[in-house]
Amino acid sequence: MNQLTVIVLAAGGGTRMKSKTMKVLHPIAGRTMIGHVLAAARETEPERIVAVVGHQREEVAAHIQELEPGAVLAVQDEQLGTGHAVRMAVEALGEVGGTVLVAYGDTPLLEGRSLRDFAAEHEAAQHAVSILSGIVDDPFGYGRVLRNEEGDVEAIVEEKDATPAQREVREINSGILAFDAEFLLGALPRIGNDNAKGEYYLTDVVAIAREDGLTVGAFPIADVMQTEGVNDRAQLARMGAEMNRRIVEGWMREGVTVMDPATTWIDADVSLEPDVTILPGVQLLGATVIAEDAVVGPDCTLKDCEIGAGARVVRTHGELAVIGAGANVGPFSYLRPGTTLGAGGKIGGFVETKNATIGDGAKVPHLSYVGDAEIGEGTNIGAGTIFANYDGVRKHRTKVGRQARTASNNTFVAPVEIGDGAATGAGTVVRRDVPPGALAVSSGPQRNLEGWALSKRAGTPQAEAAEQALADRRDGEQGMAES
């Protein structure tokens, strides 16, 4: 293709969203709407991308520059229509040649290949202007593409300016246009605002091209939803569901098993390998990566996580966590940022981890909190263990060595180190380092205070049960003595 410039219009306020967040910054499938459009624009391999900002421009501009550092920013202080917005973009560029594509920041389903094909068709036909159009059953609200008897495009008329007969036309203007840059530069100053809204419509360049004896093309896109914009929360939800349907279907065609697509949500930047299995009720968010033969679900939410080959994750919430190959997690586990579970390891039911490295084959099976910790390979942490990492002012780390065996209901008061092959007794509070191979116990010998319930809880069901049991014991002892 010729030299290509892509202009993305993102200046409108989006008042129908009724939100303090600018419309194009609303997320869908893990990206903002404008993030999806910029990704599509990037796939055309343009020489330059220009984004026109207006409302909340500091926030929008910062987001665009984060996603596309090389983008040129143009400011439209007063929103006077699409023609005015493109003029601001051209002025920000300084000079422009070749082909210019104009897209919108609120069309999240737009795909890069569709833009590439459209630009190629425009250049091959050598039109002054080309329209990415669509044939729809209900064209209400869209500008109509008007053709003459020979099928040539003569004009685009907006809904508010259309006659009853023109409103019956089913070919719509998506708003996505391609221009010969030289023609566009000359046509922009000629756009007027004599219309129902008093705005400068970019689509008026179609009539200008026809007046100049130049050709105008319209190329219907089969997948019209790619060009659909979002104006309110209801449309955002509908587009989100449609995008998710496409993403899920795409992964299934790549060899991923999705047991229930209706309850599975996968963000655009998630990566899955063949033979991954996703069970019902799973959300895969952010840049989550799942390797082959892993099984996730049911009922998991994983954000920016890495799941190794053959791992099994059940009813788990995880964020910024790494789960090794063949490891098992869940059910009802909470993996907070900084969690790393080694190959073949286990994080079991009702376990919370944070900033913890759990070695290969190590296990934290039950009812534990593991924060700011390092657990060596092959170690087993007993049920009900707490890594007490916070002293009220600072966080501290605990290190448990290789092949250690800690018993139930332990508390490790950080900073503390338990050596390789060491062990701890049930109920132990570990406040000092435990040498390799040692057994740490902190409780004294057990004492039984006979008759305590009878004297301290007299008249209660507890005391009555104890009294009956003692009487039964005496009777049994007496019977044995007599025999």
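**Close-ups of backbone geometry**

View 1. At 33% relative accessibility, Asn355 counts as partly exposed, a label for residues between buried (under 20% relative accessible area) and exposed (over 50%), taken with a 1.4 Å probe and protein chains only. Its phi is near 50°, a positive value in a residue other than glycine. Look for Asn355 in strand β28, residues 352–358; strands are DSSP runs of E with at least two residues, numbered from the N terminus.

Before moving on, please note that this is a predicted model, where local features need pLDDT of at least 70, side-chain atom pairs count only at pLDDT 80 or more, and totals for chains, interfaces and linings use all residues. Residues are numbered from 1 along each chain as its sequence is written, while side-chain values use heavy atoms, with hydrogens and water left out.

**View 2. Ala29 in a loop.** Here the backbone of Ala29, a residue other than glycine, has a positive phi near 55°. You will find Ala29 in the loop that runs between β2 (27–28) and β3 (31–32). With a relative accessible area of 19%, Ala29 is buried.

View 3. Gly297 and Pro298 are joined by a cis peptide bond, with omega about 0°. Pro298 sits in the loop between β18 (295–296) and β19 (300–303).

View 4. From Ala414 to Pro415 the peptide bond is cis, and omega is near 0°. The loop between β34 (411–413) and β35 (416–418) holds Pro415.

Conventions. Helices (H or I, at least four residues) and strands (E, at least two) are DSSP runs, numbered from the N terminus.
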